Amino acid sequence: MNGTSAPYSLVPGAPASPVILHVPHSSRTVPADARSGIVLNDEALQRELDHITDSHTARIAAEAAARCAVAPWRFVNGLSRLVVDPERFPDEREEMRAVGMGAVYTRTTHGEPLRPDDTPDRPDGDPGRLGHPGASAEQPLLERYFHPYAAAMTDAVTQRLAAAGRAVIIDVHSYPTDRLPYELHGDGPRPPVCLGTDAFHTPPDLLTSAEKAFTGFGGTGINSPFAGTYVPLKYYGTDRRVTALMIEIRRDVYMTEPGGPAGPGLARVAAALAELVETVTAMPEA
């Protein structure tokens with residue numbers, strides 16, 4: 001899993017820690033084989049990376065881990081989500097395919113072409129689902145990047161179950177202050193901290209702990225503007241030993257938008273995340 005060629009890394013924590021800080025969207029790196037299929041010029045690509053990247057979230061996770069007496073494990077994506085988005089379903093279950101942003105994106109945050117797609121206009125004039133990539137474009141990226149990432153994250157969870165009897169996945173994300181056109185559910189509140197939950201995998205005590213840890217940022221909300229959390233499909237909906245929560249930090253809390261430097265708020269976010277990690281680490285095994 002930690003081979004030098006892998007485009008992701010599992011950063012070890014304490015052997016008995018159940019916690020994995022999952023950081024899937026922090027990188028701006030687009031390797032040559034993925035860049036060749038993107039139709040944006042270099043300047044436009046950098047602008048898109050400003051909007052789509054959860055900037056500095058890898059640093060937030062690292063600083064939080066360093067503050068913990070029992071360090072969590074960290075699973076960090078080394079590639080941009082413009083290569084593949086490891087948190088999407090790789091098939092028709094993924095609702096974001098409707099805007100060309102399934103596991104392999106074909107549209108930008110503003111609805112412009114990112115990659116060619118094979119979705120023809122329908123006879124009634126309704127283009128239907130935007131940006132369904134053809135197999136020739138989608139499958140190589142899924143095979144090279146998506147499926148190995150999913151397998152490695154599954155292995156990481158399996159290891160925490162074996163070592164600690166449970167696994168707690170905390171997804172570390174950020175989101176823009178102002179709604180971007182691609183957002184399907186962006187009409188609701190945009191609190192400083194959005195907590196994404198799953199009916200099966202997010203127990204009440206985990207959610208309550210997060211609300212307490214992030215209470216000092218001016219408010220938390222649940223599942224708005226982004227909902228859900230990441231659990232490997234092997235365990236999804238079947239194993240309650242795997243719990244999960246998504247932390248979405250509104251970017252004006254800790255950085256200059258859209259893709260600028262971090263500010264003093266980053267240290268406060270890292271401290272709150274560390275408080276959450278330490279609380280859930282101390283929870284008794286269910």
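Modeller: Buried means under 20% relative accessible area, exposed over 50%, and partly exposed in between, with a 1.4 Å probe and protein chains only. By that rule both Phe-75 and Tyr-149 are buried, and both Tyr-8 and Phe-75 are buried. Bear in mind that this is a predicted model, where local features need pLDDT of at least 70 and side-chain atom pairs count only at pLDDT 80 or more, while totals for chains, interfaces and linings use all residues. Residues are numbered from 1 along each chain as its sequence is written, and side-chain values use heavy atoms, with hydrogens and water left out.

Colleague: Why is the pair of Tyr-8 and Phe-75 called stacked?

Modeller: Rings of Phe, Tyr and Trp (its six-membered ring) pair if their centres lie within 6.5 Å; planes under 30 degrees apart count as stacked, over 60 as edge-to-face and the rest as tilted. The structure holds 5 aromatic pairs. For Tyr-8 and Phe-75 the centres are 5.5 Å apart and the planes at 15°, so this pair is stacked.

Colleague: How do you know that the charged end of Arg-240 sits over the ring of Phe-200?

Modeller: The test asks for NZ of Lys or CZ of Arg within 6 Å of the ring centre and within 35 degrees of the ring normal. Arg-240 sits over Phe-200 at 3.8 Å from the ring centre. Arg-268 lies over the face of Phe-217, at 4.4 Å from the ring centre.

Colleague: What puts the buried residues on the same side of H5?

Modeller: In helix H5 (residues 204–213), Leu-206, Leu-207, Ser-209, Ala-210 and Ala-213 are buried. They cover an arc of only 160° around the axis, which puts them on the same side of H5; the arc is that of the directions from the helix axis to the C-beta atoms. The face turned away from that buried side of H5 carries the exposed residues Pro-204 and Lys-212.

Conventions: Helix = DSSP H or I, 4+ residues; strand = E, 2+ residues; numbered from the N terminus.
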